[in-house]
Amino acid sequence: MSEAAPALAPCAQSEASSRGRRFPEPPPRHRTEYQRDRDRIVHSTAFRRLVYKTQVFVNHEGDLYRTRLTHSLEVAQIARSVARALGLNEPLAEAICLAHDLGHTPFGHAGQDALNECMRELGGFEHNLQSLRVVDELEERYAEFPGLNLTFETREGILKHCSAANARKLGDLGARFLERRQPSLEAQLANLADAIAYNNHDVDDGIRAGLITIDELRDIAIFRRQYDLVAARYPGLGSRRMVHEVVRRMIDYLVNDLISASEASIAAAAPASAEDVRARSRPLLTFSDEVEAEHLELKHYLRQHLYKHYRVLRMTTKAKRVVRALFDAMLEDIDLMPTEHQEAARRMEAADGRPGRARAVADYIAGMTDRFAIREYGRLFDPAERT
Ligand code: MG
């Protein structure tokens with residue numbers, strides 16, 4: 001192994017008890033299996049595209065806002081710290097975090113809502129399932145197998161949510177949604193690190209964009225507590241340093257609470273193995289009740305004041321129109337897509353009928369970056385644009 005691995009807690013996912021890869025491969029020589037997963041994700045095309053995909057702000061709005069790539073890196077960084085503190089499998093947590101948004105459409109949640117709407121009668125569109133589809137099917141990098149051939153545990157973590165109908169089609173991987181079991185602690189951690197990352201960086205981005213203000217945020221307990229501490233200790237601090245100091249302290253506050261509350265719940269349940277963790281009806285990784293409530297208050301605030309701000313809504317409404325228009329035009333005439341996607345559409349239509357044809361169009365659109373989708377829209381609908 002190239003990195004010294006810290007000792008794992010008994011409840012952590014160990015490589016020895018991995019369920020392995022769909023296509024068996026010889027073990028890696030200088031890495032662990034989960035490090036190999038992580039490296040495959042970082043080398044994938046879908047990972048590079050995250051740099052031009054939106055988190056909240058459409059990519060061309062400004063260069064300083066988070067994109068899905070920087071978001072994924074922040075999620076991974078938070079998860080690694082917590083994994084280390086709790087004795088969990090750090091490379092596994094990292095791999096799940098880096099892959100968790102690979103299936104996201106252009107234009108963030110707006111794009112995904114629009115594509116889901118387009119696919120409503122044709123099998124639906126779920127971004128978690130699409131992330132799995134990217135790593136299982138859509139990436140074309142290896143001679144021996146489709147996709148990235150990741151381990152079961154990384155794929156389990158990527159599939160955060162899933163409808164019952166889709167879970168039934170996924171065999172082993174879908175079973176936990178039907179049986180109400182849990183994923184590994186590393187997967188539970190990736191979910192929570194995701195929420196810590198976006199709630200905090202959206203505060204930072206929202207203030208930067210002028211859509212929310214420090215004054216308004218002082219009504220929110222988790223922000224106010226850190227703000228009061230910083231203001232008392234550093235009177236007259238400039239607003240930019242104030243925001244960053246408060247945000248970094250909120251992350252620290254959430255991470256420390258997550259570690260101590262999870263230590264307590266793991267000690268109380270005393271799972272002897274990762275399989276014991278999976279057999280439980282509720283997750284073991286958790287915030288304390290008090291901090292959970294504060295974190296939710298911040299999340300609700302952001303939903304009302306940032307994600308539903310009229311300037312964000314203008315952006316997202318436009319984005320939905322772009323996705324809908326691309327989908328309708330390409331489903332109607334698959335020959336408008338580049339050749340390889342036409343071929344996929346014909347192949348999938350032959351196997352699955354119209355839902356198969358629609359899935360190929362959804363795959364093409366979901367893979368687009370914000371700016372590529374805007375350009376495609378121009379090429380299809382703007383007579384002055386070159387095709
Ligand atoms: Mg995310």
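Trainee: How does F23 count by relative accessibility, buried or partly exposed?
Mentor: Keep in mind that this is a predicted model. Buried would need under 20% relative accessible area, and exposed over 50%. F23 comes out at 33%, so F23 counts as partly exposed.

Trainee: And F145, buried or exposed?
Mentor: Use the cut-off again: buried means under 20%. F145 has a relative accessibility of 9%, so F145 is buried.

Trainee: What kind of pair do the rings of F23 and F145 make?
Mentor: F23 sits in the segment before α1 (33–42), while F145 is in the loop between α6 (127–138) and α7 (152–158), 122 residues apart. Their ring centres are 6.2 Å apart and the planes meet at 20°. Planes under 30 degrees apart count as stacked, so the pair F23 and F145 is stacked.

Trainee: Which residue lies over the face of Y142?
Mentor: Y142 belongs to one aromatic cluster with F23 and F145. At 4.8 Å from the Y142 ring centre, the residue over its face is R40.

Trainee: Where do F223 and Y227 both lie?
Mentor: These two form a stacked aromatic pair, 6.2 Å centre to centre with 20° between the planes. Both are buried. They're 4 residues apart, about one turn of the helix, and that helix is α12 (residues 221–233).

Trainee: Which residues coordinate the magnesium ion?
Mentor: Start with H71 in helix α3 (residues 68–86) and H100 in the loop between α4 (90–99) and α5 (108–118), 29 residues apart. H71 is buried at 1% relative accessible area, and H100 is buried at 10%. With distances of 2.1 to 2.7 Å, the magnesium ion is coordinated by H71, H100, D101 and D194.

Definitions and conventions: Residues numbered from 1 in each chain as written. Predicted model: local features only at pLDDT ≥ 70, side-chain atom pairs only at ≥ 80, totals over all residues. Heavy atoms only, no water. Donors = N, O, S within 2.8 Å, 3.2 Å for Na, K, Ca; no water. Helix = DSSP H or I, 4+ residues; strand = E, 2+ residues; numbered from the N terminus. Buried < 20%, exposed > 50% of the residue type's maximum accessible area, 1.4 Å probe, protein only. Phe/Tyr/Trp six-rings, centres within 6.5 Å; stacked < 30°, edge-to-face > 60°. Lys NZ or Arg CZ within 6 Å of the ring centre and 35° of its normal.
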